[in-house]
Amino acid sequence: MSKSTGKKLVIVESPTKAKTIRKFLGKEYTVESCMGHVRDLPQSAKDVPEKFKKEKWANLGVNVNEEFTPIYCVPKTKTRIVKTLKEKLAEAEELILATDEDREGESISWHLIEVLKPKVPVKRMVFHEITKEAIQNALKHFREIDDHLVRAQEARRILDRLVGYSISPLLWKKVTYGLSAGRVQSVAVRLIAEREHERLRFKRSKYWSLTGSNEKDGIQFESRSHTLKGQRVASGKDFDSETGALLKDKVGSTVWLKEAEAAQWQESLKGKDWVVDDVEEKPISRKPAPPFITSTLQQESNRKLGFTSRETMELAQKLYERGFITYMRTDSPNLSTQAVQGARDTIKQLYGDKYLPAQPREYSGKKSKGAQEAHEAIRPAGTAFQQPEETGLNGGLLKVYELIWKRTVASQMNNSEQKQVSVKFKVGDALFSASGMSIEFPGFLKVYVEEKEEDTADESEVRLPKLKVGDKVKCSKITSNEHETKPPARFTEASLVQTMEKEGIGRPSTYATIISTIQDRGYVRKVGNALVPTFTALVVSKLLKQSLPDYVDLGFTSEMERALDAVAQGDMDYVKYLTSIYFGNTGLKSQIEKQEKAIDADQSRSIRLEGLDNLNFRIGKYGAYVCRPEEKGEKEVCASLPETQVPGDMTADMANKLIDQKINGTDALGKDPVSGLPVYVLTGRYGPYVQMGDNDSEKLKRMAIPATLTPESLSLEQALALLELPKTLGTHPDSGKDVKKGLGRFGPYVVHEGDYRSIPRTENIFAVDIKRALELLAQPKRMRGRSAPLKELGIFPDTQEAVQVHTGKYGPYIKVGAKNISLADEMKIEDLTLDAVLPLIRDKLATGKKPGKKAGPARGAAAKKSAKNKKETKATTA
């Protein structure tokens, strides 16, 4: 048994957090990382302890017959970490658990106690920012583990497991193997799928309007048609999206201008006087947006910076762990007294007293009763806000910090004072209108503009000349404008987060994971910034809505969240709640058993799209396909759909073309002069490709068509050149080995002895010869999506690999061969030399770890059970 060293062991979730906290603690503290959860429910059947494998509930990892007792296991990836922590604990006189102060962090701490079984005093330490002041203060205010938070996390974890592991097997049987369902995941998919159906039902409407080019006192401006003969001129909002006609309540009071009518009206107004009929001026005072909470940070980061929810949260986590911002999982926009003072000091110093309100602003959000997150908004850490340019940050870290800094400072600034002017002009029997806006005082706009990034506060100003009723203005031109109504916009990550928060679906801290999951599972693809559902998403959403409607219902899912919040507050017994959800005639278990018998497998795999009634879209083992009945008889003929096909963009012509190609074959481009086999351009599951030979040919050969070529314009010569790939271009002068060009998953390439280089998109693959291939191979190898090195430091003598300095999302790092090594904040790129980084490289390599791979916290389950409510049957392999 190890002898105590008199030190106190502090355990946190991540190495970065540990490194930052060490700076604020004395030598009597040892800080270690547990790398997230050390225990979780079994991830697969092989993880279930042998004694439980034959139980009916074993696949769930939860004993539903014994008050929903979870089986906890230490994953193989955590055994070494647990061993190290036990060794460190054996040398300590006290254990301090310093995990995050939310449900997840509380759960991690409880699991650590269960696994480590400490025989020394245990203390719980919490803080919402990692600064010296916050850490020192936390050391004076220890508390016990919050049993309610632990139980709430465990209830949430068990509920997610029951829903996911009960519904997913039903999807395997009734749709296709490998699909997954989830308590929040399936609702998110339904939202995206229903938006696609709205787009399919949408009927476009065309309408016209007139625009006048006006001028007075040397100021030019535009006016737009407002009314004609007393009736308001229709705009996009006046049309029914499903019929394309005017909304019923608009008929009679609104005129729908067609092209001919607009042209006639345009002609009739020529030469008419433009007289000011009405002028309305009103002051507008705009308040700043509240400081960030988790969901609004994700939304703004997506809109302004183009970061995904996952990227935003990863960057925010890094900033928090390195002491730059407060805790990033929070539902509260409130700022502490010290934060308000920090913001006010910054405003006074940088912008002056006129931008500083007499009294601090206070914010209170619609924070749910049981919201588990921290009690303060996301803001720069400390009492004095570090300006972005002074942090030494770069890349994505700097961008997110700057966003948080600006939003926080702006939230305590004076209002923006604006003046809005609306003018109407009488022109014959018509009225035209013009609007202007001037900023009288920028206020918070000096620092931050919500949703739309603007360099200056007056960029959105539209100035009109001084006008009064009876004034005449000049009109140099009247233009007729064609418009078309637009279908409902697809969800972006920002708008999906906004909708889920509004509906009370899930928790902001889980949104990033949910959005990533639905993409990883093949339900959603990103096209640009839009989240587009696949045919699988439409089919699964239809099945769940028809057969298990509660589990994709917004109200039911939101009620689950409220119940889990009540558990966190100690107002609800979670065993009783889980029993009501899982058991009984309307419980999940009973519904699954009933629907498994009732669901017709053929129907459950298919869906019909609005406006395409003669076509049936289905999901099979090899993806989506479309079918239509033959002209004679009841048989169907089907054809595969490309994986890139967007359901909402599908037309009858597109589907029929694929099916006709399947029935009749496609016309051959020509024949291969060597073999005499026909050459075709076809479309399959993975997109367009060329094929030599018919499907029953023994010499059948296929090759994908690269994205740089258009299938419709492909020539026989080009098709034959593609079918030659991979093609030997010649031999390398140094090795005498073949140099080839080919077409792979990531596009065209050249290769020599396993050393690949991509052929740039701007180059014609057919024109690449041995000379060009050698030029490409001589270039430094670049990883996909990674820029060239910032600095070449030389050769690492131990392995003879190049040592380079790169910059990434989390800042600069050293790259040695395939290994990435983080740099400390104080290390400046311009000062780096090979000699300076050699000790760092050798230290990292000596640990046996793979630098650059960070193990994130595994989202597991946990909770403490009181002995009187729970039998001590909780299983563990710890």
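Four bridges join strand β15 (residues 524–527) to β16, and the two strands run antiparallel. The model described here is predicted. K526 has L531 as its bridge partner in β16. Together, β15 and β16 form a hairpin, with two residues between the strands. G528 lies in this turn and has a positive phi of about 65 degrees. Strand β16 spans residues 530–533. A530 and V532 point one way from the strand, whereas L531 and P533 point the other way. All four of these residues are buried. In a regular strand the side chains alternate between the two faces of the sheet.

Five residues of α20 are named as buried: A719, L720, A721, L722 and L723. These buried residues pack against β22, β23 and β24. Within the sheet, β21 and strand β22 (residues 678–684) pair in the antiparallel sense over two bridges. G670 has V679 as its bridge partner in β22.

The loop between α20 and β25 (727–731) contains P726. A cis peptide bond joins L725 and P726. Omega at this bond is about -10 degrees.

Helix packing was examined for one pair. Two packed helices are described by the angle between their axes and the distance between the axes. Helix α12 (residues 493–503) packs with helix α13 (residues 508–520) at an angle of about 120 degrees. The axes of α12 and α13 are 11 Å apart. Angles of 65 to 115 degrees count as roughly perpendicular, and those over 145 as roughly antiparallel. The two helices, α12 and α13, are therefore oblique to each other. The crossing of α12 past α13 is right-handed. On the α12 side, the contact is made by E493, L496, V497, M500 and E501. On the α13 side, Y511, I514, I515 and Q519 take part. By class, this contact of α12 with α13 has six nonpolar residues, one polar residue and two charged residues.

Two residues other than glycine have a positive phi. E67 has a phi of about 55 degrees and is not a glycine. This residue, E67, lies in the loop between β3 (62–63) and β4 (69–72). With 35% relative accessibility, E67 counts as partly exposed. For E753, phi is near 50 degrees, again a positive value in a residue other than glycine. E753 sits in the loop between β27 (747–752) and β28 (755–758). The relative accessible area of E753 is 54%, so this residue is exposed.

T227 is found in strand β8 (residues 219–228). Its relative accessible area is 13%. Buried means under 20%, and T227 is therefore buried. Leaving aside residues up to four places away in sequence, T227 touches R232, V233, W265, D429, A430 and L431.

Notes. Residues numbered from 1 in each chain as written. Predicted model: local features only at pLDDT ≥ 70, side-chain atom pairs only at ≥ 80, totals over all residues. Heavy atoms only, no water. Axes fitted to C-alpha atoms, helices over the stretch in contact; angles between N-to-C directions. Parallel < 35°, antiparallel > 145°, perpendicular 65-115°, else oblique. Left-handed = near helix turned anticlockwise from the far one by under 90°. Contact = heavy atoms within 4.5 Å. Nonpolar A, V, L, I, M, F, W, Y, C, P; charged D, E, K, R; others polar. Pairing = 2+ DSSP bridges. Buried < 20%, exposed > 50% of the residue type's maximum accessible area, 1.4 Å probe, protein only.
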